[in-house]
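Here are my notes on this one, as numbered points you can check against the coordinates.

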Amino acid sequence: MAGLRVVIVGGGIGGLTAAVALRARGIEADVYEQAHRLGEVGAGFMLAPNSLRVVERLGLYDKVTQVGVRFTGIEICHADGTEMTAWLSGESDGFTIFGMHRADMVSLLVSSLPDDALHLNHRCVAFTQDNDRAVVTFENGESAEGDVVVGADGIHSTLQQYVVEPRDPVFSGLAAYRGVMPAERVPDWPDGAVRDWSDGTKNLLVYPVRRGELLNFVAFTLADEQMRESWSAPGDPQQLAADFGDGWDALARKVVSQVDATFRWGIYDRESLRQWSQGRLALLGDAAHAMLPYMGQGANQAIEDGMGLATLLEGVNTADVPQVLARYQTLRRDRAARFQQG
Ligand SMILES: Cc1cc2nc3c(=O)[nH]c(=O)nc-3n(C[C@H](O)[C@H](O)[C@H](O)COP(=O)(O)OP(=O)(O)OC[C@H]3O[C@@H](n4cnc5c(N)ncnc54)[C@H](O)[C@@H]3O)c2cc1C
């Protein structure tokens with residue numbers, strides 16, 4: 001029996017985790033990514049105990065501890081800095097929460113894959129399947145065929161339309177500034193600390209990433225105009241400083257005053273998908289369950305998806321793929337939907 005071949009569309013955290021987990025089980029898995037390089041796209045995110053268990057099983061936990069920042073405590077404050085609540089990042093089974101730069105997580109996953117498993121400059125534009133095979137076509141004229149195709153192509157997924165009827169996302173009325181800056185610009189930032197300031201309509205979340213060399217900031221503000229969801233829409237640092245100026249805690253003001261470049265984009269909500277798979281095609285990560293960022297679980301759920309899918313596909317015959325992908329949906333959909341609702 002020849003082994004399965006898996007074609008993964010999208011080289012974000014979800015697609016790359018799936019590739020590493022599949023290859024660890026001896027399954028041939030290739031990643032096709034539209035970008036011409038995997039660079040410093042995005043900003044920080046929190047790696048939580050649920051996905052750190054997966055990371056450990058993939059043999060990557062030590063690397064995370066080297067490049068990430070182990071949080072020492074999380075403080076939620078009023079805008080003026082008075083504390084609302086504080087907690088030590090929910091330790092579970094010995095795991096705690098790490099601040100990671102998305103680019104560091106991407107490099108760490110890529111370094112676990114052979115060079116020829118990653119195909120850049122491959123933008124998926126179409127998908128077909130029959131009983132035996134599934135085929136993805138790329139804008140550059142090439143195509144890739146597999147027993148399984150994984151749509152890990154993010155919030156604006158091209159492959160989602162082959163699983164469910166397209167639905168428009170709903171604008172949440174919020175926009176987020178997001179970015180990183182050298183930590184040395186705020187030398188009094190406490191080691192490993194996470195601070196979240198809120199005045200009831202706006203909030204500013206700041207934490208260190210990349211061995212503490214960078215401070216990651218996410219600032220949510222009300223927005224009346226519809227904005228594009230994107231990793232790379234430029235924002236105005238002066239407006240950010242004004243939004244978190246008078247009346248805000250000195251440390252919060254210090255952070256925003258040091259920002260010289262930021263992204264800003266609209267935050268959109270999506271209903272949970274009824275279905276995650278269709279025949280030999282399965283969705284994963286934001287393509288399957290884009291969510292508002294408040295639970296800090298978008299990337300963490302994508303990591304769980306990748307491991308779940310790989311575990312279920314181990315030892316499977318090509319004829320059984322559609323049934324196994326339906327089982328993947330059963331295993332994952334309700335759990336991810338709980339985080340979407342949260
Ligand atoms: C403000 C904010 C804060 C967040 N904070 C957290 C947090 O603390 N913790 C957390 O877990 N999550 C967080 N998230 C969510 C998290 O960033 C996403 O859920 C996660 O990145 C999704 O990973 P993914 O691999 O599914 O998609 P993506 O990272 O979007 O990757 C998709 C990839 O597919 C590629 N692609 C797209 N279309 C095509 C195509 N047609 N052909 C080929 N390639 C294609 C893209 O170029 C991209 O590389 C946050 C999100 C926001 C907006």
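1. First, the term we need: a crossing is called left-handed if the near helix is turned anticlockwise from the far one by less than a right angle, and right-handed if it is turned clockwise. Keep in mind throughout that this is a predicted model.

2. With that in hand, look at helix α1 (residues 13-24) and helix α8 (residues 298-313). Their axes come within 8 Å and cross at roughly 30 degrees. An angle under 35 degrees counts as roughly parallel, so α1 is roughly parallel to α8. The handedness here is right-handed, as α1 passes α8.

3. Who touches whom in that pair? On the α1 side you'll find Ile-13, Gly-14, Thr-17, Ala-18, Ala-21 and Leu-22. They meet a list from α8 that includes Ala-299, Ala-302, Ile-303, Asp-305, Gly-306 and Met-307, and also Leu-309, Ala-310 and Leu-313. By type, the contact of α1 with α8 splits into 11 nonpolar, 3 polar and 1 charged residue.

4. α1 has another partner, helix α4 (residues 102-110), with the two axes coming within 9 Å and crossing at roughly 20 degrees. That makes α1 roughly parallel to α4 as well. This time, though, α1 passes its partner α4 in a left-handed crossing.

5. For the residues behind that packing, check Ile-13, Leu-16, Thr-17 and Val-20 in α1, which meet Arg-102, Met-105, Val-106, Leu-109 and Val-110 in α4. The contact of α1 with α4 divides into 7 nonpolar, 1 polar and 1 charged residue. Note that Ile-13 and Thr-17 turn up in the contact with α8 and again in the contact with α4.

6. Now back to α8, which also packs against helix α9 (residues 321-341), at an angle of about 160 degrees and with the axes 10 Å apart. Angles over 145 degrees count as roughly antiparallel, and α8 and α9 are therefore roughly antiparallel to each other. Their crossing is right-handed.

7. In α8, the residues involved are Gln-301, Asp-305, Gly-308, Leu-309, Leu-312 and Leu-313. Across from them in α9 sit Val-324, Arg-327, Tyr-328, Leu-331, Arg-332, Ala-336 and Phe-339. The tally for the contact of α8 with α9 is 8 nonpolar, 2 polar and 3 charged.

8. On to the ligand: which residues come closest to it? They are Gly-10, Gly-12, Gly-154, Gly-285 and Gly-298, out of 33 residues that surround the ligand. The shell divides into 14 nonpolar, 14 polar and 5 charged residues.

9. Several elements each supply at least two residues of that shell, namely α1, β3 (44-47), β13 (170-182) and α8. Of these, α8 gives the most, with 4 residues.

10. Finally, the domains. The chain is divided into domain 1 (5-36 + 120-167 + 270-341) and domain 2 (170-269). Their C-alpha centres lie 31 Å apart. As for direct contact, 4 residues of domain 1 meet 5 residues of domain 2. The side of domain 1 that touches domain 2 has 3 nonpolar, no polar and 1 charged residue.

11. Where does the ligand sit relative to the two domains? Domain 1 and domain 2 both give residues to the shell around the ligand, so the ligand lies between them.

Terms used. Residues are numbered from 1 along each chain as its sequence is written. This is a predicted model: local features need pLDDT of at least 70, side-chain atom pairs count only at pLDDT 80 or more; totals for chains, interfaces and linings use all residues. Axes are lines fitted to C-alpha atoms, for helices over the stretch in contact, and angles run from 0 to 180 degrees between N-to-C directions. Angles under 35 degrees count as roughly parallel, over 145 as roughly antiparallel, 65 to 115 as roughly perpendicular and the rest as oblique. Two residues are in contact if their C-beta atoms, placed from the backbone, lie within 7 Å. Ala, Val, Leu, Ile, Met, Phe, Trp, Tyr, Cys and Pro count as nonpolar, Asp, Glu, Lys and Arg as charged, and the others, Gly among them, as polar. A residue is near a molecule or strand if its C-beta atom, placed from the backbone, lies within 6 Å of it. Domain bounds come from an automatic or database domain assignment.
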